[in-house]
Amino acid sequence: MSKIDKVEVVVLDIPTIRGHVLSMATMRMQTAVLVRVLFSDGSEGLGEGTTIGGISYCPESPESIASVIETYIAPALEGRDGDRVNEAIQLIAKTVKGNFIAKSAVEGALWDGLGKRLGVPVSQLFGGVVRSSLPAAWTLASGNSDTDIAEAHEMIETGRHNIFKLKIGKRSVRDDVAHVARIKNAVGDDVSIRVDVNQAWNLQEARWGLKGLQDAGCELVEQPVEARYVRDMAELTAGYEIAVMADEVLNGPEDALRVVAARSADVLAVKVAQSGGLKRASEVIAIGEAAGLGLYAGTMLETGLSTAAALQLFSTVDKLSWGTELFGPLLLVEDILAEPLIYEDYQVKVPSGPGFGVALDPDKIEKFRRDGSKFTRAVNRA
């Protein structure tokens with residue numbers, strides 16, 4: 001038995017390569033909460049909890065994630081059997097309500113540690129991979145049409161991305177539709193264009209918006225109205241040919257069941273952190289598959305660590321019809337992995353090593369760590 005000796009937390013503040021404009025905030029820095037679980041046999045596991053735009057996106061902030069882990073989850077887990085991940089998940093659920101991202105960060109470290117001790121990728125613990133690479137979309141979110149068009153052309157020409165999601169919702173519906181139409185016309189029919197409204201529209205705006213986006217050649221619109229308006233989402237899903245994707249409404253399998261029962265989406269944006277961890281995300285995937293909905297691997301704009309964790313899970317999915325958005329590390333000025341993930345031929349490769357298949361760069365951790373972070377020693381290369 002490998003007991004959980006200690007759960008450590010460090011907070012990183014990493015600048016982004018450009019402003020990332022969302023309907024509720026403009027990101028110029030990403031804050032990641034890294035978790036390190038030390039086990040009695042000398043092994044370790046790494047996890048990450050990251051949100052978008054501080055606390056403007058969801059109820060959790062980097063500070064709350066770190067506090068919940070250190071104050072409540074760590075004391076409950078220390079001394080427990082580290083190999084019994086499902087038991088730990090149940091204990092965490094009883095100890096802490098909500099706080100899905102904090103739970104996901106610790107659970108991820110437990111899966112990573114178990115995979116390393118067994119000498120297998122975490123994907124093997126979920127049945128094994130069905131593909132070694134996944135299509136990766138890039139988000140155009142500068143807020144400027146000319147800048148976004150230039151960025152898109154560069155991504156296409158270098159073979160990095162040919163699927164683009166546009167962040168809209170900060171301007172009028174008319175202006176947003178014109179922005180999307182201009183970019184779609186510039187990149188052509190061979191390139192997929194989707195949008196994310198991040199809940200910014202009311203129902204009437206969404207009706208006009210979906211019609212305009214559909215006419216402009218946009219393929220998918222993500223969470224156009226507030227997550228609580230399930231009936232509005234159902235109306236929009238039934239009323240237009242453009243695919244409607246649920247995102248912020250999804251915090252685990254219970255929410256996925258509600259979306260399916262209400263027929264309030266064509267596609268589920270499955271995010272590991274937002275679901276509460278890899279296990280709950282796998283359950284959301286199973287519900288979407290059973291209901292015949294499309295699946296999309298979403299991101300909280302994590303570092304390479306959580307991106308690798310997501311790749312381990314989504315590489316086991318049979319039909320990922322809308323691909324992935326696992327580009328988070330590319331938005332940061334520097335990668336914190338010892339060996340960055342590989343993006344080429346419009347795909348991102350799934351790491352094949354034990355656990356999540358990646359290791360942290362201790363120099364980068366030291367460079368970006370926030371004062372007062374609680375790692376007791378430097379993060380080692382696994």
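**Loops, a strand residue and packed helices**

Student: Where is alanine 227 placed in this model?
Tutor: The model is predicted, so local features need pLDDT of at least 70 and side-chain atom pairs count only at pLDDT 80 or more, while totals for chains, interfaces and linings use all residues. Residues are numbered from 1 along each chain as its sequence is written, and side-chain values use heavy atoms, with hydrogens and water left out. Helices (DSSP runs of H or I, at least four residues) and strands (runs of E, at least two) are numbered from the N terminus. In those terms, alanine 227 is placed in the loop between β8 and α8.

Student: Is alanine 227 buried or exposed?
Tutor: The relative accessible area, computed with a 1.4 Å probe on protein chains only, decides this: under 20% is buried, over 50% exposed, and in between partly exposed. Alanine 227 has 17% relative accessibility, and therefore counts as buried.

Student: Which residues does alanine 227 touch, not counting residues up to four places away in sequence?
Tutor: Contact is taken as heavy atoms within 4.5 Å. Glycine 119, which is 108 residues away in sequence, lies 40 Å from alanine 227, C-alpha to C-alpha. With residues up to four places away set aside, alanine 227 touches Gln199, Glu248 and Val249.

Student: How far apart in space are alanine 246 and serine 264?
Tutor: Alanine 246 belongs to strand β9, which covers residues 243-246, and is buried at a relative accessible area of 1%. Beyond its neighbours within four places in sequence, alanine 246 has contacts that include Val259, Ala265 and Val267. Serine 264 is 18 residues from alanine 246 in sequence, and the distance in space, C-alpha to C-alpha, is 7.7 Å.

Student: At what angle do the axes of α6 and α7 cross?
Tutor: Axes are lines fitted to C-alpha atoms, for helices over the stretch in contact, and angles between N-to-C directions run from 0 to 180 degrees. Residues Val173, Val177, Val180, Ala181 and Lys184 of α6 meet residues of α7 that include Trp208, Gly209 and Leu213. The two axes come within 9 Å, and the crossing is at roughly 15°.

Student: How are α1 and α2 oriented to each other?
Tutor: Under 35 degrees counts as roughly parallel, over 145 as roughly antiparallel, 65 to 115 as roughly perpendicular, and the rest as oblique. Tyr72, Ile73, Ala76 and Leu77 in α1 meet Ala88, Leu91, Ile92 and Thr95 in α2. Helices α1 (residues 62-77) and α2 (residues 85-95) pack at about 140°, with axes 10 Å apart, and their orientation is therefore oblique.

Student: What is the phi of leucine 301?
Tutor: Leucine 301 lies in the loop between β11 and α12 and is buried, with a relative accessible area of 5%. Although leucine 301 is a residue other than glycine, its phi is positive, near 60°.
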